[in-house]
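Trainee: I have a model open and would like to talk it through with you. Could we go step by step?

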Amino acid sequence: MGDRTAFRTCPLCEALCGLELTLDDAGAVTRVRGDAADPFSKGFICPKGATLGRLDGDPDRLAEPLAEGAEVTWDAAFEAVREGLAGVIGRHGRDAVAVYLGNPVAHSIAGPLYGAAIVKALGTRNLFTSSTSDQMPKHVSCGHMFGDPLAIAVPDLDRTDHLLMLGANPLESNGSLASAPDFPGRLRAIRARGGRVTVVDPRRTRTAALADEHLFIRPGTDAFLLMALVHTLFAEDLVASAGHLAGRVNGLDDLRALAVDFAPERVAPVTGIPAGTIRGTARELAAAGRAAVYGRLGTCTQAYGTLSSWLVDALNVLTGNLDRPGGAMFPRPAHAPVYRRKRPFTTGRWRSRVRDLPEVNGELPVATLADELETPGEGQVKALITIGGNPALSAPNAARLDRALAGLEFMVSVDPYLNETTRHAHVILPPPRPAQTPHYDIMLTGFAVRDYARYSPPVVPLPDGRPGEAAILARLAMIASGTDGDPAALDELIITSTLAKAVALEGSPVHGREPDELRKMLDTGTPAEQRLDMMLRLGPYGDGFGADPSGLTLTRLRSEHPHGLDLGALKPRLDEVLCTTSGRVELCPPTFAADVDRLRSALRAPQAGGTVLIGRRHLRSNNSWLHNVPELVGGSNTCTLQLNPADADRLGVGAGDPVRVTSRTGTVEAVAEPTDTLMPGVVSLPHGWGHDRPGTRAGVARRNAGVNVNAVTDDQEIDPLSGNAVFNGVPVTLEAVPR
């Protein structure tokens, strides 16, 4: 037959790049190129995407389920899961089962469609996800400001004249909570059309080197800088008082009063940024015709993560750039109906058992998962379901969590690898290869810098009897509910209930119609495809089940737009998004105003010296996912301790020398890499490494083990408003290790 070509979306990061795959007769991916016909990515590809074939064909990927370390049939694996979960629930109750959803869940159809169903079926309050290691402050800030924790405004990169970025390094991450294929090209285009890019970061990253200006900042002090920018806008009468946001914002005077104490001159010693530079940055932002402020991982993974995330959008409001072209705008995903009835955002509906930490967005902080595993008493977690992710490496004080996982009565993992976390699992259920898996970005198109949709069917069929990822998760949900049976029954229940709600809701495109009539119109594919078709038909571009014959359906997306569908530039839609009680943007929520006292107290306190640790992202890494691909380890993608040359000299170490890094929680030894890209007093270790644990099955990763930075991060340090872990600004001491 010869080689054949297939197209799909890359599932390895948030950029949503289209790929052109070449496959041989056996279904192996032999070449990967960028899909030039994709209207969003236009042929762009990064080193991660280019190696999808090696990841797809990795011999260390699990092909069959494991139970107690031995390969078993799928029926036997599911029976072991049923017995294990039923036993724990029977002995200890439903809250004795916890669920951990990792970052890969967001890069699939199945994870968003079935993850919540598993948690609901279990009836547990013990949900933990990677969000509290990453982005929860942004969800909390948007929840309080706009009423919806998923209403995240992204920078309109293709039309802005001025971009201020904090804690973001998209030239290596490819973007985060702002899905933008070829983010580097889009930044260069801003400068090429006469715009300006300013980057605030403790490192001169590749992104900072591309920018017009890079401001070194002391790790963990972004909220001080942002509040000083707010102060300057008010003090110099630079706040946009007219325009499209007039009369749509509450709390302007309250924010003005909060900012009084944060003059640039007071903030400069804390941040390390001169007062004149802070004032100039605020003036440039206000003077720009179209501007956007964008903060990412570095602004979230710190002690003031929620305040920083809030102030990013407060600046977008104060400069008149929220919800306007070229500013910060809200994407309109094709599958998300705009008629949804939403409840105002709240937190703390329940609290964690051991540390009394509040629930946020339906979950508890991953920083307290080890507490719930280790601490005896009623409600102690005795069983764990992990879906994707590797918390034994990624959680703060990960060594403690790793030890705690070994004491579980039962653990089941949905994961393609026997890794540092899943080595503790009693049952592992591996999803199929990427080439065998359909793809539609349910989560990530909600953060895309253009409205866009693409469905990628599997390019290689599944072997007979081999369940797909959706079927695995649906079966888990059925088992968790105690009604283990045909997983299609779960999908049917969800479809039926969704259609019933849609026809009953005024404003819905199918209001007043018969649910049975609509059910018969759905796609005839898999249950997951039927659900996706329903979502697209009810979405803002959908056909409304025939109400708009030219509208979108899954069949149309799949057959007429195999390379993806460009739905246009982002459009103003604040009225669709807002669901606060007031119906306005809440610029100064009381919860945030109260937490500013913590910021103000720190401003008055003597400044602490010493060395602090930050993380680091590599272009050829995505957390711990890709370290078993030979092409993606080595070279610049190595686990070194970067430090400023002056600090290296004081320590008496040179390039390649071992350095001992110690914090409250532990010690690691890493190889020194002196570099002037890091400000003095700051050291950096990349995350996702530490592949030296026994009982894993990832040969390439083991040969390039590195050290786990989260052996020295602290699970007791969190952002109190979101529960997010603090990974940046961790106090450490350094010591040269004698050779």
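This is a predicted model: local features need pLDDT of at least 70, side-chain atom pairs count only at pLDDT 80 or more; totals for chains, interfaces and linings use all residues.

Trainee: Which residues in α9 meet which residues in α12?

Mentor: Residues are numbered from 1 along each chain as its sequence is written, and side-chain values use heavy atoms, with hydrogens and water left out. Contact means heavy atoms within 4.5 Å, and helices (H or I, at least four residues) and strands (E, at least two) are DSSP runs numbered from the N terminus. On the α9 side we find L225, A228, L229, T232 and L233, and they meet I278, R279, T281, A282 and A286 of α12.

Trainee: How do the residues of that contact divide into nonpolar, polar and charged?

Mentor: Ala, Val, Leu, Ile, Met, Phe, Trp, Tyr, Cys and Pro count as nonpolar, Asp, Glu, Lys and Arg as charged, and the others, Gly among them, as polar. By that scheme the contact of α9 with α12 has seven nonpolar, two polar and one charged.

Trainee: At what angle do α9 and α12 pack?

Mentor: Two packed helices are described by the angle between their axes and the distance between the axes. Axes are lines fitted to C-alpha atoms, for helices over the stretch in contact, and angles run from 0 to 180 degrees between N-to-C directions. For α9 (residues 222-235) and α12 (residues 275-287), the axes are 9 Å apart and the angle is about 65 degrees.

Trainee: Is D237 buried or exposed?

Mentor: D237 lies in the loop between α9 and β12 (249-250), and its phi is near 55 degrees, a positive value in a residue other than glycine. Buried means under 20% relative accessible area, exposed over 50%, partly exposed in between (1.4 Å probe, protein chains only). At 68% relative accessibility, D237 therefore counts as exposed.

Trainee: And L16, buried or exposed?

Mentor: L16 sits in the loop between β1 (4-9) and β2 (18-23), and its phi is also positive, near 65 degrees. Its relative accessible area is 1%, so L16 is buried.

Trainee: Which residues is S131 in contact with, leaving aside its neighbours within four places in sequence?

Mentor: S131 belongs to the loop between β7 (127-129) and α5 (136-146). With a relative accessible area of 16%, S131 is buried. Its contacts beyond those neighbours are M136, E363 and N724.
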